[in-house]
Amino acid sequence: MKRAPLLKSYTIFYLVFLYAPIVLLPIFAFNSGKVVAFPLQGFTLDWFREMLSDQNLRTAAKNSLIIALSVATLSTVLGIFAARASVRYRFPGKVPLMGLIMLPLVLPEMIVAMALLVVLLSIGVPLSLFTVIIGQVLITTPFAVAILTSAFQSLDKSLEEAAMDLGETAWGTFRLIILPLVMPGILASFLICFTISFDEFIISNFLGSGQPILSVYIFGQFRFPAKVPSMLALGTVLVCMSIILLGFAEYFRRRGIAKAGGKDSGGFL
Amino acid sequence: MTFSDDRPTMIEFKEVHKYYGDYHALRGINGTIKAGEFFSLLGPSGCGKTTLLRTIAGFEDISSGVIMIDGKDMASVAANTRPTNMVFQSYAIFPHMTVEENVGFGLRKDPRSKEEKAKAVAESLDMVGLKGFGKRAAHALSGGQRQRVALARALILKPKVLLLDEPLSALDKKMREHMQVELIKLQRQVGITFILVTHDQEEALVMSDRIAVMFDGEIAQLADPETLYRRPATKKVADFIGTMNFVPADILSESGNSVDVDAKGLGRVTLDIAQAPVKSGDSPVVGLRPETLTLLYDDQKAPERETAGVIDEVIYFGDMTYYDVYLGGTDVEVRLSMRNVPGRPVLDVGTKVRVAWSPSALVLFR
């Protein structure tokens with residue numbers, strides 16, 4: 001193949017441009033200067049300390065955790081039903097229905113958030129963490145369905161029939177055969193939905209009614225220059241967490257497919 | 001090749017129909033399968049043989065009719081309580097379990113002690129030739145080993161009927177022939193009724209006590225292998241099983257149970273009408289298997305009838321040679337097989353030959 005040096009350097013430049021700012025995050029998080037600018041000053045853990053002692057931040061983190069756990073659980077459960085139904089059964093209106101479930105992937109989130117806000121207010125539902133959860137489930141469910149569909153697809157139907165044939169009930173078959181074989185997919189779906197929910201901003205901002213939620217809180221704190229270094233420390237923690245969680249998710253997804261004896265098709269990493 | 005007909009009935013089909021929407025998959029299946037029989041469902045893909053097997057297992061509901069197993073109507077009996085077990089085409093070995101756990105899966109609800117169950121698993125593995133494989137991970141097995149695990153897993157429950165859905169189709173030729181013999185031996189050893197689904201007519205002939213040949217959702221013929229081969233009931237069955245030459249014939253006269261026909265290239269011959277109810281005005285065909293035709297050498301005389309011919313094609317197989325021969329100056333071509341013996345040369349294309357045949361080997365078709 002002919003080398004294209006220009007294309008290669010462009011690619012490198014592009015990747016550096018995209019990812020260098022993320023690398024700057026931890027650099028300045030450990031920098032003792034109060035201003036985020038080069039040259040670097042001394043090494044410090046002060047910003048992490050400040051971050052941990054911030055009461056509002058703790059509340060925001062707790063709320064985000066509640067939201068992310070609920071969203072990940074709900075969308076994964078919904079994803080299991082949808083994926084199982086779409087892989088195993090034929091029913092009228094299946095194609096448009098699955099399309100509708102996947103639609104939020106391409107719909108502008110801003111539109112979804114505004115539409116939900118209008119509807120919720122007009123039917124008199126007070127905004128709370130609960131409304132944030134409902135909105136985010138709409139966004140994360142397509143991811144759950146995509147991951148779980150690949151998990152269910154790699155499951156041979158005759159495995160279920162074999163279990164029934166050997167005397168198991170439908171529930172026993174689900175528990176002993178289906179669940180263990182799609183469990184890696186379920187874990188992957190849970191972790192990815194959790195990550196998406198954790199740093200989701202638009203819906204949290206629109207439907208959160210000013211409750212401290214991590215992403216919204218960070219955005220607010222950026223207005224105060226003195227708070228920026230501790231926000232960078234927080235950012236560092238979140239980046240590390242995201243990478244670890246996504247790494248786990250992909251590991252489980254691949255292991256699941258290998259275990260069920262299938263071929264890898266797609267995935268997010 | 002004989003099967004005593006006095007054994008008790010294990011499975012009985014009465015007018016079994018199955019529809020998938022508008023598609024009529026089973027069109028009135030009738031017949032019985034005897035206890036301890038090695039029974040095959042043979043037919044091309046889409047003939048309904050797998051559907052029929054799955055209705056026995058309980059994986060498919062039937063639209064109408066009755067399936068009885070060991071005298072009980074299966075209509076309200078679910079798959080997990082039927083006295084049948086299945087070896088799947090894909091083997092369906094549970095990939096997240098060991099060989100032992102796979103084989104012991106059906107014993108989960110068995111009241112026996114752990115030790116007794118472990119013993120049963122070991123015995124079952126021993127029976128299929130997988131002694132000492134218990135601790136292996138299921139996904140690390142070869143195709144032949146998976147097949148044996150599937151067999152052990154199904155047989156450990158001592159089912160009344162073992163259902164085998166094209167179990168040999170995923171194996172290579174050598175392994176397949178080896179497993180055919182092993183399955184026959186296994187079946188004799190355990191004495192369980194085996195029902196095999198296959199599209200391979202040779203496999204069905206080799207393994208079965210009786211065979212049901214299916215086309216388009218119907219049983220075209222249910223008979224033992226020899227009858228099926230020698231006296232196929234229809235042209236379609238004859239064509240599906242082995243090689244059959246078809247010669248057009250005209251009806252000359254009928255008299256009671258026999259009919260005189262003029263078979264093109266063979267001449268006038270009297271045939272039993274019980275084979276196929278033909279009457280004057282029909283244009284039947286007669287069938288001849290290649291091995292019932294013999295080339296006559298030098299001054300050999302035909303024991304019964306003989307016809308002149310010209311060799312059109314020679315196909316050499318080592319132990320056998322197939323000759324395609326035009327009969328008696330007509331455009332009717334038949335294939336015949338001759339064993340190659342020392343001192344008898346393989347003949348060339350264009351050689352004028354004499355073909356010996358026997359009227360009793362002819363099969364009449366409408």
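**View 1. Domain 1 of chain B and domain 2 of chain B have C-alpha centres 39 Å apart.** The model shown here is a predicted one, in which local features need pLDDT of at least 70 and side-chain atom pairs count only at pLDDT 80 or more, while totals for chains, interfaces and linings use all residues. Residues are numbered from 1 along each chain as its sequence is written, with chains lettered from A and ligands numbered from 1 in the order in which they are written. In chain B, domain 1 covers 9–239 and domain 2 covers 245–365 (bounds from an automatic or database domain assignment). Where the two meet, five residues of domain 1 of chain B are in contact with six residues of domain 2 of chain B (contact means C-beta atoms, placed from the backbone, within 7 Å). The domain 1 side of that meeting place has two nonpolar, one polar and two charged residues (Asp, Glu, Lys and Arg are charged; Ala, Val, Leu, Ile, Met, Phe, Trp, Tyr, Cys and Pro nonpolar; the others, Gly among them, polar).

**View 2. Here chain B meets chain A.** On the chain B side, 18 residues are in contact with 17 residues of chain A. Sorted by class, the chain B side comes out as ten nonpolar, six polar and two charged residues.

**View 3. Chain A has eleven helices and zero strands.** Helices are DSSP runs of H or I with at least four residues, strands are E runs of at least two, and both are numbered from the N terminus. Walk along the sequence of chain A and the pattern reads α-α-α-α-α-α-α-α-α-α-α. Of its 269 residues, 36% count as buried (20 or more other C-beta atoms, placed from the backbone, within 10 Å). Take the contacts in chain A between residues at least 6 apart in sequence, and 78% of them join residues at least 24 apart.

**View 4. A:Ala60 sits in helix 3 (residues 55–88) of chain A.** A:Ala60 counts as buried because 23 other C-beta atoms lie within 10 Å. Leaving aside residues up to four places away in sequence, A:Ala60 touches A:Pro212, A:Ile213, A:Leu214 and A:Tyr217. A:Leu214 is 154 residues away along the chain, yet the C-alpha atoms of A:Ala60 and A:Leu214 are separated by 4.8 Å.

**View 5. Helix 5 (residues 109–122) and helix 6 (residues 129–153) of chain A pack at about 140 degrees.** Their axes are 11 Å apart (axes are lines fitted to C-alpha atoms over the stretch in contact, and angles between N-to-C directions run from 0 to 180 degrees). Helix 5 brings A:Glu109, A:Val112, A:Ala113, A:Leu116 and A:Leu120 to the contact, and helix 6 brings A:Thr131, A:Gly135, A:Leu138 and A:Ile139. By class, this contact has six nonpolar, two polar and one charged residues.

**View 6. Helix 7 (residues 157–165) and helix 8 (residues 170–198) of chain A cross at roughly 135 degrees.** The axes of helix 7 and helix 8 come within 10 Å, and the two helices of chain A are oblique to each other. From helix 7, A:Leu159, A:Glu160, A:Ala163 and A:Met164 join in, meeting A:Thr173, A:Leu176, A:Ile177 and A:Ile178 of helix 8. The class tally for helix 7 with helix 8 is six nonpolar, one polar and one charged residues.

Terms used
A residue is buried if 20 or more other C-beta atoms lie within 10 Å of its own, exposed if 12 or fewer, and partly exposed in between; C-beta atoms are placed from the backbone. Angles under 35 degrees count as roughly parallel, over 145 as roughly antiparallel, 65 to 115 as roughly perpendicular and the rest as oblique.
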